[in-house]
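Thanks for coming. I will keep this short and stay with what can be computed from the coordinates.

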Amino acid sequence: MDHTITIQCTAVEMSFKKKKALHNVTFAAKSGSIVGLLGPNGAGKSTLMRILIGILEPTAGTVEVLGRKPGVETLGQLSFLPDRGHLPNWLTADQWLGYAAGIYPDWDIALEREWVRKQEVDRSTSIGTMSRGQEARLQLLTCLSRRTKLVILDEPFTGVDLLSRERISSAIAEETADGDRTFLIATHDIREMESMFDRIILIGDGTIKGVYDTEKLRDDGRSVESCYREVFA
Amino acid sequence: MSRRQRPFSPIVEFEHSAFTPYLPTTKKTASYWVLGIIIAIFACRIGFGDRYEPEAVYVLGVSLAWVSFIAPMSIRALQQPSQPFQEWWLTFPLDRRTLVRAKLLASLRLNAHIAAAIWLIVTVHNFSAAVLTESPFHASLGRLWADAASYGLLFAAIVLLITCLATLAPIALHGWYRLLIFPYLVLWGFPMGNLGSLLQGEVQTDRWLQTPMVLLYACAGALLGWILYHVAIVGVAKVAMKGLASHEPGKALVHLHRPASAAQRTVRGRPTAAGFRSLFQLERSRHRSIAANKWLQLVRGILVLAIMVGGYFSLSNSEWIDMIRAILVIPSIFIITHMTLTYANDMGKRRLEWMLGFPYSRLKLAFSRLLAIWATTALWLGGALLAAAVGAGIRYIVNRPDSIGTSNSLYTAAYVLLLFTVYIIFGTLVSHVQYSTAKYPVLSAIGLPFMMLSYVAPMLFNQYVLPESLPTAGVSHSLWIGLGLFAVIGLPFALVLFVISTRGMAFSMLASQAKLARRSGVTK
Amino acid sequence: MIHCFQYLVYGLYPYTSDKEGPVNDSMPPDMIWRIDDFQIDPSRPLYEQFVEQIRAMIAKGQLAPGTRLPSVRETAASLRVNPTTIMKTYQELERLSLLVTYRGQGTFVTNEEAAISRSRRDLARTAVARLEELAQSIGMTLEQFIALAKEEE
C-alpha cells in the first residue's frame, strides 16, 4: 500500500444493463496533486467518480481509494461535490452548515469560518433563493471545511459566474499548497484550470484516451488545450 | 376553441410523443398490454369469481381508472416547473391555450387507452363469469350487454372529466388558489373510500348502479367534463403559465416570505447534534419547513377546529371510535407514500448525490428518514387525536352525553390505534422494496404485492376488520390474535425487506435520477 | 548598517498577515500578485515564464528591493496556479539570488545591488540576442540594424 498514491484504478469496467459505460479504466493519482479529468459529455466521468466514491460498484476491476476499497469508510475520508447537485433548499446556509457539522465526522469549525469569509457567503440566505454561483461556492466550502485528504469535484464550474469561478479555483490552489490534499476535478473549463493541473486524464467513450503530466506536456511545447484537441478532435 | 392556427397539429404530435412509448403502438408494447390484460382478467376471475355483481366490478374499475388518472397527472403537474425543458416549452411561438390544449389532448389519449383496457378487462370478466357460473341468480346476458354499454360510456366520461380536472391541478399552486388543494386531495382519495365497500360486495347494486342511472352519470360527467375542458385550457393558460415563466428550475416554487426567519423560528439556533442524530434532524427540518408554510398552517388550523368540533359531537355512543378511525385512515396512506415522495423529490431536485455522499451506511441513511417520518407522524397524528380529545373533553364538561361507551369501546379504540400503528410501521418499511428491483429482483417480486396491498389496507381494515358492530360486540379473540400475528410475523418480515432493499437503493435511485433527468430533457 | 536595522525591526514586530495589523513605516508594504501582471503562454513550462517575468520586474525596479512577497500559498491562490509551480519559481529565483527567504518571516526581494544589476545585465543580454537574431534574419549585423532604425526617411 503506497501512501503516496491516493487513487488507484485498475482495469475498471462498468456496465448498465447492456451498455458499457466504462471499460479498461486504469490510472493513478498521487497525493497532494491536482488531477484533471477531462473529456466530452457522456464520456463516463460522473460514473467513474461515483465508483471512486463508492456509491456505485464496478462490474469489474479494482479500485483503491486512500488505500482501501471505496465504501462508507472512505466516504468519511473524502469530500465529494456532485455535478449539478443541490443542497436542501429549505435551509439557510448557516443551518445547512450546522447540520453538516454534525453529519460529517471530520468537520472543522475553524476551517468553516475561514472559508465562509473567503467565499463571501451570507449565512442567513436561504439556499432555495441563492443564485447558482452562490450555491456553488457554498457547496465547495462544505467540501473544504472537512479535514479530508481527497476532494473530488464533478464539474464545479458549470453555469457559475466568472468571479465565483475564480474564487473556487483560488480555493483549490490554496488548499493544495500544504501538500495534504489531493484534488480530482472533472471539468470543461480547461482554460481556467489549465495552470493548476499536475496531471490530466483524458477520458472519452468510457475509456482512458491518455494520461499526461502537464509539466512534461509543456516541456514538449504543448498546452493542455492543444493536447485535448489532439486527442478528441 | 380556436382552430384557426395550422401550426396546432405539430404541437399535439409533440405532446403525444411523450406518452407514445407507453401505448400499445409497437409489437412489443402491444404484447405487454395484451399480456397485462390477460393477467388482470385471470386475477379478476380468482379474486371476484361470480360472487360479485357485474356492476360492482365495473364501479371498482371506474374507481381504479379515476385514481390512475389523477395520481400520475398530479405528480407530473407538480414536477413540471422544475423540469428544465419548461423554458424551451414556454418559448414556443404558440398561443398559451394551444399549448395547454395539446398537453390535455395527449393526456386524454393516454388515459383513454387505460380506461379502455380496464373496461375490456371488466367486461370480459363479467361475461366469462356469467358463462362459467353455476348460479341461476347471476346476471342475464341482456343486463350484461346493457352494463357494458352504459359503463363504457361512463368510462369515457370519467376520462374526460378527470383528465380535465387533473389538468387544472397546477392552478392550485398559485396564490389564493392554494385553498383548492384540500378539496382536490379529497377528490383524489374519493374513489379509495368506495373501494373497501365494493370489495366486500356490500354495495347495493340497486337502481343507483344499474344502466339507466349509469347513463345519467355518464351524461352528467361528460357535460361537466366538457365544461372543465374549456375551463382548464383558459384557466391554466392564464394562471399557471405566468407562474412558470417567473420560476427558475431548481429553485423553490413556493417562495416563503422571509424564509430565514420562518425556518429559524422552528430551529432553536444552530443544530448541535452529531452523527446519526444530525441525519435525523436534517430530515425533520424538512418536515418542519413544510409545516411552516403559511398556507398549510391555514389548512391545519381549519382541520384542527373541524376535528375539535367532531370530537365534541362524537363523544356519545362510542361514536368517538369512528372519530379516531376517521383521523387515522387517510393520513396513514399518505404517510406510506411519503417515503416514495421524498426520495422522488430528492432525485428531481438533484440532492440525491449529496445525501448518498454522507459517510453513513445506506441502512443508516434510510433509517434516519424512516425515524423522522415516524416522529413527524406521531407528532401530527398525536396532535389531531389530542384536538379530538379536547373537543370531547369540552363536551364532557358542558353537555355530558348519556352514554359514552362500554368497556368494549375502550378495547376497540385501543385495537384501532394499535392496528394502525403496526400498519404504518409495516407499510413504511415495505415501501422500500421498490428500490431493490434492479439488484434483488426476487425480493422485489415478493415485496411489491405487499407494497400494493398496503395502499388499500386501510379500506380493507375498515370493511373487514372493523365493522360497525365492533364497539358493542367487542374485539374478538381472533382479531387480537390476528393483530398479534401481524405484528410478530409481519413486522420482522417488513424489516428484513427493508434492510435488504437499502443495499440496492443507491444504484436504483441513481438510475432513476438519470432516467428522470433524461426524460425531462437534461442532457449529459 | 541599514540592513541590520531592518532585521532588528522584523525581529521586534511579529509576522502579521495581509489583512490585519498596522503597517510599519520602515517595513515595505505587502503586495498581492495579480494575474494581469503576467503574460503566460500555456504551451511553455509555467515556472520558467514566471521566473523570467519576475526577474524582469525586479530588473525594471517594479519590485523594489526588500519587498516582502506573498507566500507560496497566497500566490497560488491569487494567481490561481498550481502551488508546485510557484514553489519552483521561488526556489529558482532564490537560486539566482534574487529572492531571499527568512524563516518565519517570509520571502523578500533581495537588497543586494550585485544581484539586481546581474539580472539587469541578463535582461539586456536576452533582449539584444533576440534583436541580433532578427537582424540576421534579414541579413544584417546588429549595428547595421540599429543604424537602419535611426535612419530618417
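Predicted model: local features only at pLDDT ≥ 70, side-chain atom pairs only at ≥ 80, totals over all residues.

Residues are numbered from 1 along each chain as its sequence is written, chains are lettered from A and ligands numbered from 1 in the order in which they are written, and side-chain values use heavy atoms, without hydrogens and water.

Chain A first. Its secondary structure amounts to nine helices and nine strands. Helices here are DSSP runs of H or I with at least four residues, strands are runs of E with at least two, and both are numbered from the N terminus. The radius of gyration of chain A is 17 Å, close to the 17 Å from the globule rule for 233 residues, so chain A is as compact as a globular protein of that length. That radius is taken over C-alpha atoms, and the rule is 2.2 Å times the number of residues to the power 0.38. Along the principal axes, the C-alpha trace spans about 45 × 40 × 35 Å.

How much of chain A is buried? Buried residues are 60% of the 233. Buried means under 20% relative accessible area, exposed means over 50%, and partly exposed is in between, with a 1.4 Å probe and protein chains only. Of the contacts in chain A with a separation of 6 or more, 70% come from residues 24 or more positions apart; a contact means heavy atoms within 4.5 Å. On charge, chain A carries 29 positive and 33 negative side chains, and the centres of the two sets are 5 Å apart. Lys and Arg count as positive, Asp and Glu as negative, and His and the chain ends are left out. Each charge is placed at NZ of Lys, CZ of Arg, CG of Asp or CD of Glu.

Now some residues. A:E112 sits in helix α4, residues 109–119, and is buried at 1% relative accessibility. What does the side chain of A:E112 make a polar contact with? With the side chain of A:W107, at 2.8 Å. A polar contact is a pair of N or O atoms within 3.5 Å; within protein, one must be able to donate a hydrogen and the other to accept it, and residues adjacent in sequence count only if both atoms are side-chain atoms.

A:H188 is in the loop between β7 (182–186) and α7 (190–193), and is partly exposed at 39% relative accessible area. Leaving out residues up to four places away in sequence, A:H188 touches A:G39, A:P40, A:N41, A:K45 and A:E155. With A:N41 there is a side-chain to side-chain polar contact at 3.3 Å.

Next, backbone angles. Most residues other than glycine have a negative phi. A:L66, between β4 (60–65) and α2 (72–75), has a positive phi near 55 degrees. A:R84, in the loop between β5 (78–81) and α3 (93–103), has a positive phi near 50 degrees. A:L66 is partly exposed at 23%, and A:R84 is partly exposed at 23%.

Last, chain C. Chain C has six helices and three strands, in the order α-α-β-α-α-β-β-α-α from the N terminus. Of its 153 residues, 32% count as buried. Among contacts between residues at least 6 apart in sequence, 53% join residues at least 24 apart.
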